[in-house]
Amino acid sequence: MVRPLGFLVGLGFITALVLAIFTTPLKNEPNVAYSFVKEPRHLKLASDGLVPHWDKAQLQRGMQVYKEVCSACHSLNLVAFRNIQDLGYTEGQVKTFAKGFQVPSINPDTGEVATRDGLASDHFPAPYANEVAARAANNNAIPPDLSLITKAREGGKDYIYSLLTGYQNPPANLPAELKPGTGLHYNPYFPNLNLAMAKPLNDGQVTYADGTKASVDQMAKDVTAFLVWTAEPKLVKRVQVGWAVFFFLLIFTVLAYLSYRNIWADKKH
Amino acid sequence: MSFPWAKPYEPQHPLMKWMDEKLPIPRLVYNATGPGYPVPRNLNYFWNFGVLAGAALMIQIITGIILAMHYAANVGVAFNSVEHIMRDVNAGWFIRYAHMNGASMFFIVVYLHIFRGLYYGSYKAPREMVWLLGVVIFLLMMATAFMGYVLPWGQMSFWGAQVITGFFSAIPIVGEPVRQWLLGGFVPDNATLNRFFSLHYLLPFVILGVIILHIWALHIPGSNNPTGIEVKDEQDTVPFHPYYTAKDGFGLGVFLLVFVALTFFSPNMLGHADNYIPANSLSTPAHIVPEWYFLPFYAILKAFTFNFLWIDAKLWGVIAMFASIALLFFLPWLDSSPVKSTTYRPLYRWFFWVLVADVLLLGVCGMMPAEQPWVILSQLGSIYYFAHFLVILPIVSRIERPLPMPNSITEAVLAKHAPDAASVPAAA
């Protein structure tokens, strides 16, 4: 009973699929935008690979770029000031740094909306009070929060770095419908080719305390490195712990293999 | 039940004797996974995966219980509570990554376990019930994994929930009300997240219960083995402990090494970048894809693009996707060949490996956008999938002439170790 019924059910599915094959066009609808989108360029960072470390000088420069450039529009909601001790700042420096920010608060006497100096336990304050304000200030586009951005985009850090350095004039052969509209900017690393964010970095835009020359490429690298850290502050620790666990288990596995061989030594199998 | 030569449990210590009279748990363990359970002596490494699946479930339950202590199932805070675990909870990043990749490891070992069963005919009499319970576990795992993926409330969580609950809306007339009832609303929202969290916590314990039945049903006929020949006498078997506890210990070490490499060195490799974006009902991701372990079934769903017999393409896809798993329930009766092990099935062997390649192909197709050549490949792949189980297997099992088989497990083992092993045909 099962086999004849199964046979009929199988034939039903197969017929539906054969008909589907013959009714589905074999050619894709051409998508011109595809041919203009570029693969991200690879960015090599100290935090890559199997023996990663944080390049603290670079992370500090990257934070400076975030603070002086990106933070005008982009929030960093998941990062607290206390976290930046990871970047090599002392507790005192963190407190001073936090104090430089005004964070939303209420007046303790009247309950009215107010601001106060930042504390180490505060998170980086957002540039806009809410989404409506963010849209209103940015041509109806919400600047995304940057805390997780290097994990939240296909291509990760390579994509962020390529996007920041990829602004250019549209190529001459770009079809009219793909040309950037009002308030949009051409960037071949962006999947839609045109994005609302204007070119954010220009040579010499920040002045690095350590004397590094602030070229667009350098700033893009530094801020991307910083955003790799914000996306996963435990990245370096994760890999280091991983090696310890791996070697521990390797010894366990070798011992387990030897005891397996030993126990089976007199049994053919 | 067990073989007559199984070593009986004889407690020596007065405490163990006392325990055996009051609550004979040591006896149960002794007879189930101890020296009192005789197992075929010739099991290969593919027989490790059952124990590994059990280990994976335990890892998921332990890490999951800890995650639930820090996670908040509310659409307003769920996403940030996961990031709180990643950033502020002691070793939270480890627990969360272990749980996330533990799900993948669970599916890897379960898929290997299933294909082991397919190759060596472990679904055939007298083990049909073991197989049926295994398919139930597989379905429960899929439901649990899907609901778990919704909990971080990222973009892929939200849109995955939207797409998968959308399957039900393909059912005529009652589909849309059923979908709303499942979601507790018109779109995935707080009610959905709460019930998914509740069920995601419940189902692993249901899985645990069905696993106990699965093992119980297995222990009645005892394990299958690579020859597919049933155990005949004592020399065909070894006691589970210490022989297979030792072998499973080694297997567990290798499993954990792979697990650790994935969790610590590339924890996001099998995930989607979009799930690090908080859920947004107003912004649809360009490309909604389920987790890798659902991809072959997702490809079958997408392969049906033609309205046929008054059933529209979407409903065909949904029916076919459920059927592709449901047909596994009928497998013991679709395959009428008395020979279990594919080693002795010269014709079926080809089709088995085509099925493996086909499922891998469907997996790739499931990942790709709905463009050619992936659409036609998923259609061809789906045709083979259904043809394999419903047409080819019943026919092959009738017309095939199996290879000569050894008389017993021991004969097969000794032939393998004979000085001129090459002259003994296919006894491995």
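This is a predicted model: local features need pLDDT of at least 70, side-chain atom pairs count only at pLDDT 80 or more; totals for chains, interfaces and linings use all residues.
A crossing of two helices is left-handed if the near helix is turned anticlockwise from the far one by less than a right angle.

**Entry 1: H5 and H6 of chain B**

I began with helix H5 (residues 92–119) of chain B and helix H6 (residues 128–150) of chain B, which pack at an angle of about 155°. Their axes are 12 Å apart. Since angles over 145 degrees count as roughly antiparallel, I noted H5(B) as roughly antiparallel to H6(B). Which hand does the crossing of H5(B) and H6(B) have? I wrote down left-handed.

Next I listed who makes the contact. From H5(B) come Phe106(B), Phe107(B), Val110(B), Tyr111(B), Ile114(B) and Leu118(B). H6(B) answers with Trp131(B), Phe138(B), Met141(B), Met142(B) and Ala145(B). Sorted by class, the contact of H5(B) with H6(B) has eleven nonpolar residues, with no polar and no charged ones.

**Entry 2: chain B as a whole**

I then stepped back to look at chain B, where I found 16 helices and two strands. How does the radius of gyration of chain B sit with that of a compact globule? For 428 residues such a globule would be near 22 Å, and chain B has 24 Å, so I recorded that the two agree. Along the principal axes, the C-alpha atoms of chain B fill a box of roughly 70 × 60 × 40 Å. I have 54% of the 428 residues of chain B down as buried. I also looked up contacts between residues at least 6 apart in sequence: in chain B, 79% of them join residues at least 24 apart.

**Entry 3: chain A as a whole**

Chain A came next, with eight helices and four strands. Read from the N terminus on, its elements run α-α-α-α-β-β-α-α-β-β-α-α. The radius of gyration of chain A is 27 Å, whereas the globule rule gives 18 Å for 269 residues. The value for chain A is well over the rule, so I noted this chain as more spread out than a compact globule. The box filled by the C-alpha atoms of chain A is roughly 80 × 65 × 45 Å along the principal axes. Of the 269 residues in chain A, 40% are buried. Among contacts in chain A between residues at least 6 apart in sequence, I have 63% joining residues at least 24 apart.

**Entry 4: H1 of chain A against H12 of chain B**

Now for a helix pair made of both chains. Helix H1 (residues 2–23) of chain A packs with helix H12 (residues 313–326) of chain B at an angle of about 135°, and I have their axes 12 Å apart. That angle makes H1(A) oblique to H12(B). The crossing of H1(A) and H12(B) is left-handed. H1(A) brings Gly12(A), Phe13(A) and Ala16(A) to the contact. On the side of H12(B) I found Trp316(B), Ile319(B), Ala320(B) and Ala323(B).

**Entry 5: Glu83(B)**

Last, I looked up one residue. Glu83(B) lies in helix H4 (residues 78–87) of chain B. Is Glu83(B) buried or exposed? Its relative accessibility is 3%, so I have Glu83(B) down as buried. Which residues are in contact with Glu83(B), leaving aside its neighbours within four places in sequence? I found Leu78(A) and Leu148(A) in chain A, along with Tyr276(B) in chain B.

Note on methods:
Residues are numbered from 1 along each chain as its sequence is written. Chains are lettered from A and ligands numbered from 1 in the order in which they are written. Side-chain values use heavy atoms; hydrogens and water are left out. Axes are lines fitted to C-alpha atoms, for helices over the stretch in contact, and angles run from 0 to 180 degrees between N-to-C directions. Angles under 35 degrees count as roughly parallel, over 145 as roughly antiparallel, 65 to 115 as roughly perpendicular and the rest as oblique. Contact means heavy atoms within 4.5 Å. Ala, Val, Leu, Ile, Met, Phe, Trp, Tyr, Cys and Pro count as nonpolar, Asp, Glu, Lys and Arg as charged, and the others, Gly among them, as polar. The radius of gyration is taken over C-alpha atoms; the globule rule is 2.2 Å times the number of residues to the power 0.38. Buried means under 20% relative accessible area, exposed over 50%, partly exposed in between (1.4 Å probe, protein chains only).
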